[in-house]
Each structure stands twice: as C-alpha cells, then as structure tokens.
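Notebook open, structure loaded. I'm jotting down what I look up as I go.

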Amino acid sequence: MSQSTVDVPPKGGFSFDLCKRNDMLIQKGLKAPSFLKTGTTIVGLIFKLSWFLSHCSDMVSSQLRLHRYQTGRDSRVITALTLLKKHLFSYQGHVSAALVLGGVDITGPHLHTIYPHGSTDTLPFATMGSGSLAAMSVFEAKYKEGLTRDEGIKLVAEAICSGIFNDLGSGSNVDICVITKGNKEYLRNYMEPNPRTYVSSKGYSFTKKTEVLRTKITPLMERVEITEVTGEAMEE
Amino acid sequence: MTFTIPIDNGDSVKNAEADSQRTLYPYVTGTSIVAIKYKDGVLMASDMGGSYGSTLRYKNIERMKAIGKHSLLGASGEISDFQEILRYLDELVLNDNMWDDGNSLGPKEVHNYLTRVMYNRRNKFNPLWNTLVLGGVKNGESYLGMVSMIGVSFEDNHVATGFGNHLARPILRDEWHADLSFEDGVKLLEKCMRVLLYRDRSAINKLQIAKITEEGVTVSQPYSLKTFWEFKAFNNPTAGAEGSW
C-alpha cells in the first residue's frame, strides 16, 4: 500500500508549533528578540466621492488578485476587510497590527479600521496608532460632510501634523495617498515639517582615504508596466 | 533538630491593616479639566460627572472650587481626596485670615502649598489620587499651574488633565494665543470640551466654566454643549458593506 502525503491546510487558530523550540532556546541562553515598537499616527478620511489613506499595508493584495481572476469582478473593500480580519483574528492579537483600510469600489468609497484582535469599524473618519488621540481631536473639531479633495487633503495633513507634534511616538514627515475611483495617487513627503536645521555646506567626508578594491555595476531591472486589456469580463 | 514554621496569619492581617491606611486605587473619579489664561485672567472648564468605575454614578459634582479671594482649584481623579484637599485649604485660608494683616494668599502660594502636600504624600506611598489645576489672578498677574498625584508641578499658559492631555492639548497648542477675549476663550474651551465629550467615555454633557479675574471668582451655572451626531456615514455605516458593522 502506498502512502500518499496530502498537504492538509492548517486548521486555523494560532500555531504554537515553535513555542517548544523557543523555550528550549531561551533555556540554552538565547535572548528573545524584543518587539520593535514604532509609534505612528495613521488617519483616514472620506471626502465627497473618495477617501484618503495616509499609511497603507498591502498584505492581502495577492489574495485579492486571485479572487479577481476567479470571480471576474473588481475587488471590493469589504473583501480585503474580511481577509485581513480573519488573518488577525486567527493570531488572537499576537500580530500587533492596527490598520486603517480604505478604498473605492463599485459600491462607493469605504473606510474601515481593523484592530489587532480582528474587530473592525466602518467610519467616515478614523485614526489609529500612538498619535491617534491627537489626530482624532483635529478630526472631531474640524470634520464636516461634503469636503472637496483639497479640503480633505488639508484636513488629513493637519491631523497627521497634530500627531507628529503632540505625540512623542510619531515624527518627521507626512505621506498622503489619495484614492479615487480607478486610480491612486501617492503624495510622498507631502509635508516635511521637520527639516534638518543645520546642514553643513561641505557635506560629509570620510575620515580616511578609502581604498577601492573592486568596482562592479549591476544595472537594476527595468519595471515592466502591465496594461490591462479592457475587454469582456469572463463568463459568469 | 528544631525548625520554626513561619506563621503567616499575623503578617497578612498587619498587611491588610497597613494597606487600608493608604490609597491603592481610585473609586469615584472625575474626568478632565481644561484651563487657559486669557486677557483678563484665567478660564477653567470641567464637566460635572463622577464615575464609579465604568458607571456614571454622580452627575452633579462641582469639581472646581474657589480658594480664598484670588484662586480657583479644579481637580480630576478621586473625589474624596479632592474633598480632603479642600479641607486642608480651608484651614490654610482660615489661618491666613486670622492674621488679619491685609495680605491674602495668592495663587502662587496655594500652588506651592499643594505641590508640597502632594509630593510628601507620594513619598509616604499614600498619594492623594488627584491631578489639580490651580488658576488665579493677584495684583494684575494671572497664574495657571498644575500638580499631579506624584508631585509633578509646573505652570503654563494652558493646561489639561486626564484625557484632556491627549485630546485637548493639541487643539490648545494650535489655537491658543495671548490676550484671548472672554468670548474667544470660552469658544476655545467649549471646542476642547466637545471633543472630550465625543471621545471620553467618562465625560457627560453638563459642564461648568469658571472665570477668575482681578475682581474675583465666578463659576457659571451648569449647561450643555450642542453636539452633532447626524453624519450621513454614521447613520448607515454599512450601506455598501452588507454583513459588516
């Protein structure tokens, strides 16, 4: 009788397989790595027809693409929401990711927040991170319905700046991502409210004369642009 | 071979007694206080709620009281400790009046006294579980300071306690400027209190605003803020996402 090994998908829930190994390593003297906690402020805001994200995470984009091929339809925001919350819930909060998810799909603009244990909220404006209270105070004071794109960008930048200047865990610059139907626009370093104050005109010079042993230049691959052919959708 | 079995009973009883002599956790608490300096003096705002854990037990607690002729004390944190502090200050003001020398305690002196009290209690591991805001005007000079339960004390142009630190301070840092008029000051305080009402679970919509000027202290009657809950997106948040919430 031949034994066929079938790949059984994991039954879900937190996988404790490595815990015994970790314990053994700690007993042998290995220092457990500490969490790198980065303070942040992330905000999202819905304006008239679209929404903004100032910080995004693309963990499920590959799953969404497969889903698109299978169904022949454009992805919806709630699909990404469900994929993310299932993933986070199965780790019972051990994956410490607090997310703001936003997008525009066939049903309109949506904005959701996802907490590390897997719970979600659907809101017109949202903030997460250590600077969330500072940013939320700006939103609660200044948000109104029917904002235009420029007003929305200004409000989001103001909220992030509130987080930058009032929260010790957040800092440096403001990145904004504007998502409208069909396209997204990254406004990287939209504001740089913390420029370096003193810049030496001489620039940086290395102390000793460094000897060049070998020079090797590797040209980076050119990015390939894929243009989707707009034709008929797959048969349903 | 003799060995002694350590007897626990006495110690645990002693510990329980010792513990009951000091504050371990707060019980009935008041939430934030927000205060700013303005053109004629100091403005302070607080709501009238006293929470018993997660229940809003008391809704008529005045958390701001006048001290002497020149100062106003606002407190967040344990209400019973605030009442104890008021008793200490009563004695202080009484002794000051008995001197009958034409001089009276100003806000700076009261603030210093409170700092000493709070810090010494903290050193004995028996703190008064409050964050106090002391504002006043004497001889034309306005004064606004804060003391925390561990004795951290400082003075500033605008202060906030509790959740106000996180929600009100960013607004105050952006929008406070010297020589605010009375109306602008009240509007600024109301803006902060409204955000606190939206986002602090122990806040209630019944607040008082107190004004201290050279003439004296006035605490307003309680009133409520107008709030807006009718954002269309909040009305039907799952319109496009059936099945989520």
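**Entry 1**

I started at Glu190(B), which sits in helix H5 of chain B, residues 182-199. Helices here are DSSP runs of H or I with at least four residues, strands are runs of E with at least two, and both are numbered from the N terminus. This is a predicted model, so local features need pLDDT of at least 70 and side-chain atom pairs count only at pLDDT 80 or more, while totals for chains, interfaces and linings use all residues. Residues are numbered from 1 along each chain as its sequence is written, chains are lettered from A and ligands numbered from 1 in the order in which they are written, and side-chain values use heavy atoms, with hydrogens and water left out.

Is Glu190(B) buried or exposed? I found that Glu190(B) is buried and yet has no salt bridge. Buried means under 20% relative accessible area, exposed over 50%, and partly exposed in between, with a 1.4 Å probe and protein chains only. A salt bridge needs a side-chain nitrogen of Lys or Arg within 4 Å of a carboxyl oxygen of Asp or Glu. The nearest side chain of opposite charge is Arg194(B), 4.8 Å away. For charge, Lys and Arg count as positive and Asp and Glu as negative, with His and the chain ends not counted.

Not counting residues up to four places away in sequence, Glu190(B) touches Ile209(B), Tyr223(B) and Leu225(B). Contact means heavy atoms within 4.5 Å.

**Entry 2: the cores**

Next I looked up the largest nonpolar core, which has 22 residues. Such a core is a set of buried Ala, Val, Leu, Ile, Met, Phe, Trp, Tyr and Cys residues joined through side-chain atoms within 4.5 Å. Among the residues with the most contacts inside this core are Leu43(B), Leu188(B), Leu189(B) and Ile209(B). The elements of chain B that give two or more residues to it are strands E2 (33-38), E3 (41-47) and E12 (207-213), plus helices H4 (164-175) and H5. H5(B) gives the most, with 7 residues.

I then checked Leu43(B): leaving aside neighbours within four places in sequence, its contacts include Val34(B), Ile36(B), Phe182(B), Leu189(B) and Ile209(B). There is also a second, separate core of 20 residues, which includes Tyr143(A), Leu147(A), Ile160(A) and Ile176(A).

**Entry 3: where the chains meet**

How many residues does each chain bring to the contact? I noted 21 from chain B and 24 from chain A. The two chains bury about 2,000 Å² between them, 63% of it on carbon and sulfur atoms. That area is the accessible area (1.4 Å probe) that two parts lose on being put together, summed over both.

In one of them, Arg199(B) pairs with Glu140(A), with the closest N and O atoms 2.7 Å apart. On the chain B side, H4, H5 and helix H6 (232-235) each supply at least two of the residues that touch chain A. H4(B) has the largest share of that side, 6 residues.

I looked at the burial of both partners: Glu140(A) is buried, with a relative accessible area of 15%, whereas Arg199(B) is partly exposed at 36%.

**Entry 4: other salt bridges**

The structure holds 9 salt bridges over all chains. Glu158(A) and Lys142(A) meet in one of them, at 2.4 Å, N to O. Glu158(A) lies in helix H5 of chain A (residues 149-166) and Lys142(A) in helix H4 of chain A, so the pair ties together parts that are 16 residues apart in sequence. I also noted that Lys142(A), Glu158(A), Glu175(B) and Lys191(B) are linked in a network of salt bridges.

Arg63(B) pairs with Asp47(B), the closest N and O atoms being 2.9 Å apart. Both Arg63(B) and Asp47(B) are buried.

**Entry 5: two spot checks**

Asn103(B) is in the loop between helix H2 (79-99) and helix H3 (107-123) of chain B. Asn103(B) is partly exposed, at 49% relative accessible area. Leaving aside neighbours within four places in sequence, Asn103(B) is in contact with Asp96(B) and Lys138(B).

Thr113(A) lies in strand E4 of chain A, residues 108-114. At 1% relative accessibility, Thr113(A) counts as buried.
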